[in-house]
Amino acid sequence: MRRWAAGITVWGAVSVTVAMAIFAGVVLWPDPLELFADPWFIAAGVFVACGTLIVTRRPTHPIGWAFSLYGLLVGAALMCFALGIAWSDAGRGTDAGWAEAIGNCLATVAVLLIPAALLRFPDGSLLSLRWRWASWATVVTAALGGTATLLNGGWGGDAQQA
């Protein structure tokens with residue numbers, strides 16, 4: 001990928017992440033200060049900033065892309081949680097449940113990007129070819145975990161039963 005194309009892509013991801021965070025925090029969330037102090041929110045900002053810095057310097061570096069994707073997924077998850085709160089307050093219980101389930105799915109996949117990035121730390125490649133199984137295990141775990149949280153409606157059955 002060319003350097004300018006990578007820059008446009010990653011800065012687009014940053015813009016979307018910031019827009020989702022601001023919309024979720026200012027428009028939808030009941031207490032914006034609570035959201036802006038949330039560790040998920042802070043981690044999303046730090047990861048997307050680090051990912052952007054890495055990608056603008058080395059466009060093919062997988063850790064930069066993983067960090068940027070982590071920030072984007074967490075921003076989308078927070079947006080879904082905020083929509084769930086707004087829809088729940090409006091009496092749209094089914095929509096609120098789906099928004100929360102999708103938010104949990106995105107958050108699960110985001111969390112599982114961290115071990116995938118750590119396996120490739122610091123130069124973007126695995127330590128040896130023997131580590132391929134661990135890399136594939138994180139991909140399979142992310143897919144299964146995201147699907148399970150979507151089907152379950154949350155993490156570990158924590159969704160309200162009607």
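The exercises below work through a predicted model, each with a solution in steps.

In this predicted model, local features need pLDDT of at least 70 and side-chain atom pairs count only at pLDDT 80 or more, while totals for chains, interfaces and linings use all residues. Residues are numbered from 1 along each chain as its sequence is written, and side-chain values use heavy atoms, with hydrogens and water left out.

**Exercise 1. Confidence**

Task: State the mean pLDDT of the chain, and find which elements have the lowest and the highest mean pLDDT.

Solution. Step 1: pLDDT is the predictor's confidence in each residue, from 0 to 100. Step 2: the chain has a mean pLDDT of 84, and 93% of its residues reach 70 or more. Step 3: elements are DSSP runs numbered from the N terminus, helices being H or I with at least four residues and strands E with at least two. Where pLDDT is low, the predicted coordinates should not be read in detail.

**Exercise 2. Helix 4 against helix 5**

Task: Describe how helix 4 and helix 5 pack, and sort the residues of their contact by class.

Solution. Step 1: two packed helices are described by the angle between their axes and the distance between the axes. Axes are lines fitted to C-alpha atoms, for helices over the stretch in contact, and angles run from 0 to 180 degrees between N-to-C directions. Step 2: helix 4 (residues 62-89) and helix 5 (residues 93-119) pack at about 160 degrees, and their axes are 8 Å apart. Step 3: angles under 35 degrees count as roughly parallel, over 145 as roughly antiparallel, 65 to 115 as roughly perpendicular and the rest as oblique. Helix 4 and helix 5 are therefore roughly antiparallel. Step 4: the crossing of helix 4 and helix 5 is left-handed (the near helix is turned anticlockwise from the far one by less than a right angle; clockwise would be right-handed). Step 5: the contact of helix 4 with helix 5 has 24 nonpolar, four polar and two charged residues. In this count Ala, Val, Leu, Ile, Met, Phe, Trp, Tyr, Cys and Pro are nonpolar, Asp, Glu, Lys and Arg are charged, and the others, Gly among them, are polar.

**Exercise 3. Helix 3 against helix 4**

Task: Give the angle at which the axes of helix 3 and helix 4 cross, and the handedness of the crossing.

Solution. Step 1: the axes of helix 3 and helix 4 cross at roughly 150 degrees and come within 7 Å. Step 2: helix 3 is therefore roughly antiparallel to helix 4. Step 3: helix 3 passes helix 4 in a left-handed crossing.

**Exercise 4. Aromatic pairs**

Task: Find how many aromatic pairs the structure holds, and classify each of them.

Solution. Step 1: rings of Phe, Tyr and Trp (its six-membered ring) pair if their centres lie within 6.5 Å; planes under 30 degrees apart count as stacked, over 60 as edge-to-face and the rest as tilted. Step 2: the structure holds two such pairs. Step 3: Phe47 and Phe67 have ring centres 4.8 Å apart and planes at 80 degrees, so this pair is edge-to-face. Phe47 lies in helix 3 (residues 39-57) and Phe67 in helix 4, 20 residues apart, and the pair links distant parts of the chain. Step 4: Phe67 is buried at 18% relative accessible area (buried means under 20%, exposed over 50%, partly exposed in between, with a 1.4 Å probe and protein chains only). Step 5: Phe47 and Tyr70 form a tilted pair, 4.4 Å centre to centre with 50 degrees between the planes. Tyr70 is in helix 4, 23 residues from Phe47 in helix 3. Step 6: Phe47 and Tyr70 are both buried. Step 7: ring pairs link Phe47, Phe67 and Tyr70 into a cluster.

**Exercise 5. A cis peptide bond**

Task: Find which residues a cis peptide bond joins.

Solution. Step 1: the bond joins Phe121 and Pro122, with omega about 0 degrees. Step 2: Pro122 lies in the loop between helix 5 and helix 6.
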